[in-house]
Amino acid sequence: MSTEHHSGESPRSEQPAAQRRPDLSRRSVIRGAVGLAGAGLAASAISGAIATPASAAARTARPTRPARRAPGNAARTGPVIVHIRDVATGEMDVFAGLNHARLTDPGLAARLVRGVG
Amino acid sequence: MSSHREAPEIAKDPVADSTDVYAFVSPDQPSTVTLIANYVPLQEPAGGPNFYEFGGDVRYEINVDNNGDGQPDVTYRFQFQTKLRNTGTFLYNTGPILTLDSPNWNRRQFYTVSKVDAQGNLTQLGTGLACPPCNIGPLSTPSYPALADAAVHQLGGGIKVFAGQRAEGFYVDLGSIFDLANLRPFEQLHNQFGMSVFSGPAPGVNATNRLNVHSIAIQVPITDLVRRGAGGETDPRSVVGVWTTASRQTVRLWDSDNGENVNSGPFRQVSRLGNPLINEVIIALGDKDRWNTLPPAGDKQFVHYYASPELAGLLPVLYPGVFPNLAALVKSGKARADLEAILLTGIPAGIIPGFQNSTGSLQADMLRLNTAITPASHPNILGVVGGDLAGFPNGRRVFDDVVTVELRAIAGVTFPLVDKTFTPDNAASQVTDGLDPSSVSAPYLSHFPYLGVPYDGFDNPS
């Protein structure tokens with residue numbers, strides 16, 4: 001798997017410490033994505049995108065094993081949204097909070113697609 | 001319109017759609033500059049029960065470049081939050097709203113304003129700042145001016161801020177301009193595509209009259225914007241470039257379980273506005289959406305639109321025999337260096353006596369303001385073209401007639417600034433859509449936030 005992490009947003013869009021969301025490290029993004037996939041996530045699918053509002057996921061997912069919660073990510077309450085750009089190459093974007101990571105993992109992409117039938 | 005619904009994608013997203021930007025030395029506080037960015041276009045005042053508001057999921061920013069690189073050196077960022085008092089009623093208000101904390105007001109908005117410097121360091125200037133309600137009518141908002149005045153917040157450091165509904169101050173005859181540029185005062189001269197519909201001139205019609213917008217206005221000391229040491233009118237450091245942007249998080253998803261949108265990912269720009277009417281009538285349809293996503297620093301790729309504006313080629317065709325010199329200029333293929341200077345670099349010293357608002361050689365669409373030029377005691381709505389150096393395109397005041405100024409500039413009236421051999425057509429200095437500030441029913445204010453009291457929904461439309 002290869003990753004390209006885009007932390008936050010533009011270089012000039014800092015938030016004060018009090019408003020800063022928990023940092024989403026590259027490793028935690030990957031673990032989160034793998035965790036979601038491992039959970040056999042039933043997610044909304046919109047024209048190639050697999051999107052997972054946390055509340056919806058909690059109601060619809062039937063995990064075969066517990067999703068692993070990434071270290072430092074315990075307070076995350078917002079959605080984690082995966083957009084598979086190309087199923088064949090496994091290129092996908094993962095969005096969480098104000099962060100974005102681009103992953104390349106054909107196996108994960110295939111599992112996610114199988115997860116939505 | 002200046003920038004209302006100007007591009008296909010942003011036309012679908014009114015709360016993020018910037019409509020006008022104003023930047024001027026405050027006439028009643030000349031040590032300050034007032035910056036105004038308008039959003040949520042063409043509000044029909046009676047549009048309840050869900051009256052207009054800012055987007056809680058939109059990041060609104062007013063950007064200031066003070067070193068000519070087309071990137072923000074000072075940014076004022078506004079983030080809004082909506083609070084609902086009572087989920088058990090369909091009403092926006094359950095009685096008269098007499099104060100900003102009225103228990104009768106059900107759906108309120110508050111905001112945080114922050115300042116971001118060139119390095120991305122953020123300083124919160126104020127939070128929990130109340131917006132006024134929309135102007136609903138004599139029973140719901142009986143003392144609207146007082147409500148709006150209460151929503152002018154004094155922050156530290158000589159800064160004041162307002163965010164909320166205002167009367168649309170931009171006047172334009174949309175109906176004529178977008179009916180194949182059939183300017184009513186000259187409609188008998190239009191080729192009318194052979195249909196002979198019009199035989200004489202007619203007065204202009206202000207299509208935005210009695211409509212409202214949502215304004216974000218901030219007044220700041222000039223010294224907060226310019227580079228240290230900025231001096232007089234001839235000092236390049238006195239000039240700043242201004243534009244507004246709206247950004248959304250990258251992903252927006254309809255969460256049908258909860259009946260709401262959820263957002264995720266970094267903020268990305270979806271709307272931009274510097275000089276009026278540019279993305280409206282200069283940039284072509286194929287580039288409008290992309291233009292909205294970019295900073296001014298990247299505008300070199302769009303220079304051909306400014307150098308050869310489509311409208312300059314259309315005027316001689318639509319008005320046969322009226323613009324022969326413009327037709328020859330267009331045919332010559334000469335680049336419109338006058339428009340490039342006015343809109344993309346600013347006007348350098350030595351072109352107009354006593355005036356410059358250049359930010360250097362980088363071509364970037366920004367509203368350029370020479371902050372050292374004092375407000376005019378007797379303003380001319382045609383600004384610099386009318387001999388008033390404190391008006392557009394030296395910044396832009398709320399009452400400036402930017403439609404006429406840009407029509408005349410495109411028609412060739414400013415080309416002699418860069419080519420003394422060119423003689424503009426007589427019509428070039430007369431062309432107009434036939435409107436002026438008297439076309440706006442709600443009077444402008446002489447004080448912050450300068451745009452008039454919004455029209456109420458009970459009386460408008462009447």
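This is a predicted model: local features need pLDDT of at least 70, side-chain atom pairs count only at pLDDT 80 or more; totals for chains, interfaces and linings use all residues.
Residues are numbered from 1 along each chain as its sequence is written, and chains are lettered from A and ligands numbered from 1 in the order in which they are written.

Chain B holds 9 helices and 12 strands, where helices (H or I, at least four residues) and strands (E, at least two) are DSSP runs numbered from the N terminus. Its radius of gyration is 22 Å, close to the 23 Å that the globule rule gives for 462 residues, so chain B is as compact as a globular protein of that length; the radius is taken over C-alpha atoms, and the rule is 2.2 Å times the number of residues to the power 0.38. Along the principal axes, the C-alpha atoms of chain B fill a box of roughly 70 × 55 × 45 Å. Buried residues account for 52% of the 462 residues in chain B. Here a residue is buried if 20 or more other C-beta atoms, placed from the backbone, lie within 10 Å of its own, exposed if 12 or fewer, and partly exposed in between.

Helix α8(B) is largely enclosed by the rest of the structure, because 7 of its 9 residues are buried. The buried residues of α8(B) pack against α3 (278-282), α5 (303-307) and α9 of chain B. After α8(B) comes G346(B), with a positive phi near 90°. In the loop between α8 (337-345) and β12 (367-370) of chain B sits T359(B), which counts as buried because it has 24 C-beta neighbours inside 10 Å. Beyond its neighbours within four places in sequence, T359(B) is in contact (C-beta atoms, placed from the backbone, within 7 Å) with residues including D65(B), V239(B) and G346(B).

Helix α6 (residues 310-318) of chain B has A312(B), L315(B), P316(B) and L318(B) as its buried residues, and their cover includes α7 (324-332) and α9 of chain B. The helices α6(B) and α7(B) pack at an angle of about 135°, with their axes 9 Å apart. That makes α6(B) oblique to α7(B).

Some backbone details complete the picture. The peptide bond from G48(B) to P49(B) is cis, with omega near 0°, and a cis peptide bond also joins F448(B) and P449(B), with omega about 5°. L180(B), a residue other than glycine, has a positive phi near 60°; with 12 C-beta neighbours inside 10 Å, L180(B) counts as exposed.

Terms used. Two residues are in contact if their C-beta atoms, placed from the backbone, lie within 7 Å. Axes are lines fitted to C-alpha atoms, for helices over the stretch in contact, and angles run from 0 to 180 degrees between N-to-C directions. Angles under 35 degrees count as roughly parallel, over 145 as roughly antiparallel, 65 to 115 as roughly perpendicular and the rest as oblique.
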